[in-house]
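Thanks, everyone. Please bring up the sequence and the model, and I will walk you through a few places worth a look.

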Amino acid sequence: MSTLQAQFNKDGYVILRDFLDKEIIQNIYTDARKIFATQIKHVTGKTVDIDNRDEFEAGMFAFFNQDFNAFVNTGKTVQHTFSLHRLGVDPQIETLLKQVGVANPIIGARAAMQLNSRFLAKGGSKHWKLDAHQDWRTGQGSLDSTVIWFPMVDAGADLGALQVIPGSHKWGLQASTTSGYEGGITSEIKDEDFIQTEFQVGDLLIFSAFLIHQSGDNITNNIRWSVQLRYNNLDESTFIERGYPMAYIYKPEPELVTPDFPDVSQLKSIFQ
């Protein structure tokens with residue numbers, strides 16, 4: 001067993017410093033901001049400089065408050081960039097998964113990009129700051145399901161980087177309010193058990209889907225931009241025995257999301 005796997009098995013996570021190519025991360029970050037900038041201009045009428053962080057994120061907050069539905073849809077759209085999905089299946093990622101014991105890795109869920117800020121929350125929504133939880137509840141895949149998380153901006157305690165409880169991946173599946181995204185653990189957990197993580201761009205956190213973790217408190221005026229990648233192990237015996245269960249359900253809307261669209265003239269203008 002490698003030193004890396006031994007540490008992973010003991011603590012339930014490993015932080016790898018300067019592991020990812022910063023240019024690849026920058027490309028993912030840039031692609032997402034360009035998509036948002038298009039909608040910011042469309043909705044608010046303002047052109048924002050994506051490389052001016054405060055100006056761009058002020059535009060994000062204005063967009064959020066002006067057209068929440070379009071903001072949510074844009075947030076979903078940035079999950080599907082080529083640059084993001086290329087990284088999720090990069091040979092470097094596959095090798096890392098195998099090094100921590102995921103012998104035959106397969107994607108457990110679509111790559112996810114997360115934008116965490118108290119200014120991007122409505123009606124008490126806690127999407128910007130998740131309580132203590134275990135990711136296995138939402139995936140319910142192999143027992144060695146593994147998650148890779150990394151920020152696209154430097155992220156310390158002030159930006160709400162993740163807090164983890166070392167060794168908690170061996171405590172079993174904890175009772176929770178729900179299996180959904182916002183479900184929080186209901187069993188008693190001590191605040192002092194959590195360790196605050198800190199990251200520079202290029203650093204990566206890989207952890208067991210059973211590891212208890214939570215969002216830190218983003219007290220800044222900026223957005224914590226991060227990526228999460230989830231994987232299962234096709235060779236894990238209980239995953240095989242359970243018939244490779246898939247708890248994530250992706251399905252189309254039953255009705256047209258834009259009523260009475262498109263008309264014939266719009267199609268002709270596209271294909272002329």
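Let's start with one residue. Gln140 is partly exposed, at a relative accessible area of 31%. Keep in mind that this is a predicted model. Gln140 sits in the loop between α7 and β3 (146-151). Its backbone stands out too. The phi of Gln140 is near 55 degrees, a positive value in a residue other than glycine.

There is another case of this kind. Asp18 has phi near 50 degrees, again positive in a residue other than glycine. Look for Asp18 in the loop between β1 and α2 (22-44). Asp18 counts as exposed, because its relative accessibility is 52% and exposed means over 50%.

One more backbone point. The peptide bond from Phe261 to Pro262 is cis, with omega near 0 degrees. Pro262 belongs to the loop between α8 (237-241) and α9.

Now the sheet. In what order do the strands of the open sheet run? The order is β1-β6-β3-β8-β2, five strands with antiparallel pairing. At the edges are β1 (13-16) and β2 (105-116), and each of these pairs on one side only. From one strand to the next, the twist averages 15 degrees. As background, strands of a sheet pair through backbone hydrogen bonds, either parallel or antiparallel.

Let's go through some of the pairs. β1 pairs with β6 (residues 204-208) in the antiparallel sense, over 4 bridges. Here Leu16 has Leu204 of β6 as its bridge partner. Next, β3 pairs with β6, also antiparallel and over 4 bridges. In that pair, Trp149 finds its bridge partner in Leu205 of β6. Then β3 pairs with β8 (residues 224-233), antiparallel, over 6 bridges. Pro151 has Ser226 of β8 as its bridge partner.

Stay on β3 for a moment. How many of its residues are buried? The count is 6 of the 6, so β3 is largely enclosed by the rest of the structure. Both faces of β3 are covered. On one side you have Thr146, Ile148 and Phe150, and on the other Val147, Trp149 and Pro151.

Is Asp135 buried or exposed? Asp135 is buried, because its relative accessible area is 3% and the cut-off for buried is under 20%. What does Asp135 touch, leaving aside its neighbours within four places in sequence? Its contacts are Val147, Phe207, Ala209, His213, Gln228 and Arg230.

On to charges. In general, side chains of opposite charge can pair when their charged atoms come close. A search of the whole structure finds 7 salt bridges. I will show you some of them.

Take Arg17 and Asp203. Their side chains meet in a salt bridge, at 3.0 Å from N to O. Arg17 is in the loop between β1 and α2, and Asp203 is in the loop between β5 (195-196) and β6, so the pair ties together parts that are 186 residues apart in sequence. Asp203 is buried, with a relative accessible area of 5%.

Now Asp11 and Lys10. These side chains form a salt bridge at 3.1 Å, N to O. Asp11 counts as buried, at 15% relative accessibility. Lys10 is exposed, at 55%.

Then Glu57 and Arg53. In this salt bridge the closest N and O atoms are 3.7 Å apart. Both residues are in helix α3 (residues 53-66), and because they are 4 residues apart, about one helical turn separates them. Glu57 counts as buried, at 1% relative accessibility. Arg53 counts as partly exposed, at 30%.

Last stop, the surface. Leu267, Ile270 and Phe271 form a nonpolar patch there. Together they have about 370 Å² of accessible area. Phe271 lies in helix α9 (residues 264-271). Why does Phe271 count as exposed? Because its relative accessible area is 68%, and the cut-off is over 50%.

To recap, keep two pictures in mind. One is β3, with 6 of its 6 residues buried. The other is Phe271, exposed and part of a nonpolar patch on the surface.

Notes: Residues numbered from 1 in each chain as written. Predicted model: local features only at pLDDT ≥ 70, side-chain atom pairs only at ≥ 80, totals over all residues. Heavy atoms only, no water. Patch = residues over 30% accessible without salt bridge, like charges linked within 9 Å, V, L, I, M, F, W, Y side chains within 5 Å. Areas by Shrake-Rupley, 256 points an atom, 1.4 Å probe, with all protein chains shown as cover. Salt bridge = Lys/Arg side-chain N within 4 Å of Asp/Glu carboxyl O. Helix = DSSP H or I, 4+ residues; strand = E, 2+ residues; numbered from the N terminus. Buried < 20%, exposed > 50% of the residue type's maximum accessible area, 1.4 Å probe, protein only. Pairing = 2+ DSSP bridges. Axes fitted to C-alpha atoms, helices over the stretch in contact; angles between N-to-C directions. Contact = heavy atoms within 4.5 Å.
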